[in-house]
Amino acid sequence: MRSPAPAALGGTAGDDGVLLRTRDLVKEYPANGGLVRAVREVSLDVGQGEFIAIMGPSGSGKSTLLKVLGGLERATSGRFWLGGARADNLSPGDWARLRRRGVGVVFQSQVANLVSTMTIGENVELPAVIAGASARQARARRAELLEELGLADKAGLLPALLSGGQQQKAALARAVVNRPRLLLADEPTGNLDSTSTTEVLKLLRHAHADGQAIVMVTHDGRVASHADRIVNLFDGMVCDDAPIAPPGRLPVPGPSPVWD
Amino acid sequence: MPASATARWIRADWRAHTGQAALTAGIVAAVVAWLLLAAMLLEGANSPWAALHARTRGADVLLYLPPGTPVAGLSTLPGIEQASAPAPAIAATMDQGAIRSPVELRAEPDTEPAMSAPVVIAGSWLSSAQPDGVVVEASLAAATRLRPGSAIVIAGPGKATIAARVAGIAQTADQGPYPDWSPGLIWVTPALAGRADPGLGQSSEVVGLRLARRCATCVASAVDEVSSALGTPVQRSVSWQSVSQSMAASGWLLGELLLVFGVIALAAAGCAIANVTAARALAQRQSLAMLQVIGFTRGQVARALLAEGLLLALAGTAAGLLAARALAWVLPTVTRTPGGLPVTFAPLPGGVVAVIAGGTVGAVAIATGVQAWRAGRVSPVAVVAGAPPRGRPARLARVSLAARCPAPLVLGARDAFARRVPAGLTIAGVAIPMALITVALACWATIDGFTTDPGRISLSAALTAYPDGEGAAAAQAQVAGDHQVLAAYPGAQFEAELPGQAGTFTARAMGTVRDPYPFRVTRGRMFAAPGEAVASQRLLGQLRLGVGGYVAVTVGSSPMIFQVVGQVIDPTGDGDVLDFPMDALAATGPAAPQFLSLVLRPGQGPSAAADALRAASGGHLDVRPVASPADALGLVRAVIVISVVILAAIGLANLLTMTQVTLRDRLPDVGVLAAIGLTPAQVTATLVVSIAALAVIGVLAGTAAGLVAAYWLINAQGSAIGLGWGIEPPLSAPGLIAVMAAVAVAVGTATALLHVRRSVLARDGSVRVTPAAAMAGGPVLDRGGRPA
């Protein structure tokens with residue numbers, strides 16, 4: 001019944017320190033009798049522990065790319081590797097097993113990111129239990145995460161009773177409970193007020209500091225500025241891919257390279 | 001591990017949707033209990049002996065031996081498992097004025113015997129403190145109208161006359177029902193037996209045997225074993241086969257009725273379970289997709305849903321088994337058959353129970369399995385994008401809008417039919433239970449009509465008076481003139497042979513040409529000349545005869561030829577009846593009536609009138625109430641009430657499901673409706689109309705279909721039991737069914753209104769524009785916000 005666990009993200013990154021590598025990824029949707037190319041020949045490398053922000057206007061294919069990278073949708077063509085192993089040809093079941101430990105996924109805050117019938121505490125514990133943790137381990141990890149997020153007193157409540165920001169923090173806790181090597185976050189701060197945004201970003205930075213690689217889709221330049229690198233998509237294509245220099249090491253003002 | 005993750009998810013789902021889970025299990029339990037009771041009743045009606053034999057530890061063979069035969073050691077003989085203590089049996093007569101019934105007195109101790117212990121159904125067992133107390137076998141008591149406390153006179157074989165009092169009434173599996181099985185049985189104390197037959201010189205000794213095996217030849221070989229062991233021939237033996245055959249009564253109608261309702265309930269429950277499961281899967285769509293996002297495989301999601309459904313089915317089945325067992329225990333104490341005997345629920349063979357329980361669990365498993373498989377196909381992306389409702393506005397809606405109908409009506413109707421297939425399924429989900437409820441109510445009305453208007457089934461005469469001995473003619477004239485009697489029809493009854501076939505039918509003279517018995521004529525006309533007759537539908541079918549044909553009958557010893565001029569409803573003699581005028585008998589010689597059929601004035605109770613007339617005739621008339629198919633009413637009514645409740649619950653479950661699905665689809669539009677200027681009341685009305693429109697159509701369609709089905713079903717059933725076609729009018733109980741339909745529509749609308757208001761309106765009465773917080777079918781919370 002159970003196929004062997006996928007080799008992807010088995011332990012380390014690829015030989016060259018690249019955790020996620022895509023080559024010519026294409027995703028097409030049938031729409032209005034024709035095909036819409038949401039993602040066009042995207043080739044990206046994400047290093048281990050790297051924090052990438054994907055930006056771009058509405059409909060530029062950011063969310064679609066993220067879904068393909070999380071195995072939630074299958075790429076039309078192109079290839080990609082996770083931890084040096086092919087991931088684009090995995091079966092849905094293998095992808096499910098991969099998401100248990102290796103890949104955490106969080107969606108926009110307007111979308112239900114939690115199982116509505118389970119309490120916040122149960123939601124955070126569930127991925128740990130699926131991944132094989134004992135009930136005691138799962139409880140300990142949940143207590144640790146909820147304490148850190150200031151949600152400890154909300155553990156017994158159902159998601160519908162929490163504010164958007166609190167739900168989003170709980171969803172993040174749910175996504176990182178198994179310390180995945182790759183965290184995919186689709187507009188995790190969309191629709192959140194500035195306080196909640198700050199708290200969510202704090203948690204993301206915390207995960208980043210823990211050595212987790214993060215791919216975050218966002219509209220918000222201020223949010224994107226927390227990443228190591230910003231990738232801009234336009235009409236499904238990468239139009240810009242540049243690192244953000246750490247503060248204090250900004251490029252020295254001077255003549256632009258164009259003038260060289 | 002995943003199993004524990006699945007368990008966590010199922011537990012959370014039940015906690016959040018306890019009502020839905022309980023409803024599913026409850027429906028399964030009701031169906032299982034229903035089917036089991038129907039099967040037990042059917043089995044009990046087919047062979048009441050088996051249940052009684054098991055309950056009383058009855059004998060397989062009764063041996064009548066000469067008095068004083070030493071019977072110790074019989075149980076050690078091959079093939080014999082157990083032998084009862086010998087009981088003296090005395091042939092005697094019970095006198096009740098004009099009626100003398102042959103009885104057997106059986107002397108029993110006041111302690112309960114280990115074998116063949118009769119079941120006391122009224123009064124109490126023999127007691128040495130009450131030496132003149134006797135216990136009468138139930139069918140004998142019913143035939144002779146004895147109750148605990150009744151005084152009887154017993155004439156022993158030596159003409160000794162003893163006054164006794166009925167202490168109790170009991171059932172036994174050791175003999176068949178009186179009067180088919182004669183003599184009747186009365187248990188007496190040894191002291192009373194001694195008074196009836198001093199010295200017990202003319203008595204026999206009865207020993208009951210339980211055999212190691214019950215086979216066709218086992219009884220005969222056991223009897224041989226006993227006679228050779230005792231060295232004396234057995235006077236008489238009674239085998240379990242003869243008792244069983246004699247008890248196999250024609251009471252199968254009730255069981256059949258229950259079974260029909262059970263199968264109907266099973267079909268409806270299957271639909272309801274499929275519907276509830278489908279709606280839950282739909283409502284859980286995002287949760288199920290979420291599970292895939294965090295690492296459940298599709299198979300695990302499907303297995304989780306299937307496990308959840310199976311657990312509910314198993315819990316429901318277990319509850320149903322317990323409920324059936326409890327009801328089979330309780331119901332016989334509160335219900336009676338027409339003969340006044342307790343209703344018999346026979347224990348079912350394990351195989352039948354397994355088939356019913358397994359079949360129900362299997363049906364649920366299939367319904368859940370299909371939904372679980374579909375749920376497993378839900379794309380994990382469903383978390384992000386809910387499927388938008390597809391479809392197009394109905395043309396009717398566009399026309400209505402042009403005709404300036406109220407906006408909520410038009411928009412609601414448009415929404416209701418935007419998706420044709422779900423709309424059709426919803427209508428069917430309401431219409432099917434409604435049709436079945438209509439059939440049940442029509443059955444109720446028909447049975448009710450049997451009592452309020454017995455003339456509908458030709459049972460205008462509530463009493464039959466049988467002359468006894470001389471002075472009968474005067475007594476008849478006196479009874480016919482009694483103030484309680486509206487009309488008296490002289491009659492005579494004969495068994496006639498079916499021409500050219502094996503078997504007999506009943507030929508009856510009922511009334512005269514001038515004053516015929518008021519039969520209900522369904523075709524042709526009433527007889528109007530001595531050579532004319534009317535017949536029941538079943539007899540006409542057996543004779544392959546139409547109205548207007550001729551039939552030759554030998555009545556008594558005289559051959560007669562009748563022209564059948566009409567078809568009537570006549571429940572006598574299983575529906576094989578030819579009725580002709582008394583004048584026909586007079587043509588072959590003077591004939592005294594064998595009986596008088598008495599129609600009572602309105603308001604006269606049959607049993608009180610029977611007692612009064614019997615007394616007034618000075619013992620020259622035996623007046624008995626006429627048995628009616630309506631006598632089994634109590635139980636059938638209970639059956640109908642329970643059916644209606646189950647069906648209503650199923651219909652309501654479907655309606656709730658549909659309400660939740662509609663709300664789930666429509667809530668995102670609420671904000672838009674408010675934005676374009678609809679008031680909160682109009683927004684609410686729009687959603688209510690979109691739900692209630694389908695419910696109303698379902699109710700109306702179901703009622704119409706039910707009325708047609710009831711007409712056919714009841715008349716077909718009437719034909720099957722010998723009443724003939726025509727007992728049910730095309731439109732039965734219009735008032736009752738109209739009220740039921742109105743209640744259904746009101747409940748449907750109220751349900752929709754309640755759910756819509758809760759989901760759409762905020763506390764201050766304004767429209768809640770963010771739908772996510774108000775998702776229909778969302779978790780139930782207590783005031784503290786914790787899961788209830």
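Predicted model: local features only at pLDDT ≥ 70, side-chain atom pairs only at ≥ 80, totals over all residues.

Reader: Good, then which residue stands opposite Ser597(B) in β20(B)?

Author: Thr464(B) stands opposite Ser597(B), and the strands involved are β12 (residues 463-467) of chain B and β20(B), which pair in the antiparallel sense over three bridges.

Reader: And how many bridges join β13 of chain B to β20(B)?

Author: Six bridges join β20(B) to strand β13 (residues 485-497) of chain B, and these two strands also run antiparallel. Within that pairing, Ala487(B) has Val599(B) of β20(B) as its bridge partner.

Reader: Is β20(B) mostly covered or mostly exposed?

Author: Mostly covered, since strand β20 (residues 595-600) of chain B has six of its six residues buried. Phe595(B), Ser597(B) and Val599(B) point one way from the strand, while Leu596(B), Leu598(B) and Leu600(B) point the other way, and all of them are buried.

Reader: Staying in chain B, what does the secondary structure come to?

Author: Chain B comes to 21 helices and 21 strands. Of its 788 residues, 47% are buried, and among contacts between residues at least 6 apart in sequence, 81% join residues at least 24 apart.

Reader: Why is α9 of chain B described as largely enclosed?

Author: Eight of the nine residues of helix α9 (residues 285-293) of chain B are buried, so the helix is largely enclosed by the rest of the structure. The buried residues include Gln286(B), Ser287(B) and Leu288(B), along with Met290(B) and Val293(B). Just after α9(B), Gly295(B) takes a positive phi of about 125°.

Reader: I also clicked on Ala193(B); is that residue buried or exposed?

Author: Ala193(B), which is found in helix α5 (residues 190-196) of chain B, is buried, with 24 other C-beta atoms within 10 Å; the cut-off for that label is 20 or more. Ala193(B) and Glu108(B) are 85 residues apart in sequence, yet their C-alpha atoms are 9.3 Å apart in space.

Reader: Over to chain A, then. What is the strand order in the open sheet of four strands?

Author: The order is β2-β1-β4-β5 (chain A), and the pairing is antiparallel. At the edges stand β2 (34-47) and β5 (85-86) of chain A, each with a single partner strand, so one side of each is left without a neighbour in the sheet. Helix α1 (residues 62-69) of chain A packs on this sheet, touching β1 and β2 of chain A, and its direction makes about 65° with that of β2(A).

Reader: How many bridges join β1 to β2(A)?

Author: There are 10 bridges between strand β1 (residues 18-31) of chain A and β2(A), which run antiparallel, and in one of these pairings Leu25(A) has Val42(A) as its bridge partner in β2(A).

Reader: And the open sheet of six strands, what is its order?

Author: That sheet has the order β6-β7-β8-β3-β9-β10 (chain A), with mixed pairing. Its edges are β6 (103-106) and β10 (237-243) of chain A, each with a single partner strand, so one side of each lacks a neighbour in the sheet. From one strand to the next, the twist averages 15°.

Reader: Which way do β7 and β8 of chain A run?

Author: Strand β7 (residues 182-186) of chain A and strand β8 (residues 213-217) of chain A run parallel and are joined by five bridges, with Ile214(A) in β8(A) as the bridge partner of Leu183(A). α5(A) packs on this sheet, touching β6 and β7 of chain A, and its direction makes about 165° with that of β6(A).

Reader: Last topic: at what angle do α3 and α5 of chain A pack?

Author: Helix α3 (residues 120-130) and helix α5 (residues 164-176) of chain A pack at an angle of about 25°, with their axes 7 Å apart. That makes α3(A) roughly parallel to α5(A), and their crossing is right-handed.

Reader: Which residues meet there?

Author: Ile120(A), Asn123(A), Val124(A) and Pro127(A) in α3(A) meet Ala170(A), Ala173(A) and Arg174(A) in α5(A). By class, that contact has five nonpolar, one polar and one charged residues.

How values were computed
Residues numbered from 1 in each chain as written. Chains lettered and ligands numbered in written order. Pairing = 2+ DSSP bridges. Contact = placed C-beta atoms within 7 Å. Axes fitted to C-alpha atoms, helices over the stretch in contact; angles between N-to-C directions. Parallel < 35°, antiparallel > 145°, perpendicular 65-115°, else oblique. Left-handed = near helix turned anticlockwise from the far one by under 90°. Nonpolar A, V, L, I, M, F, W, Y, C, P; charged D, E, K, R; others polar. Buried ≥ 20, exposed ≤ 12 C-beta atoms within 10 Å, placed from the backbone.
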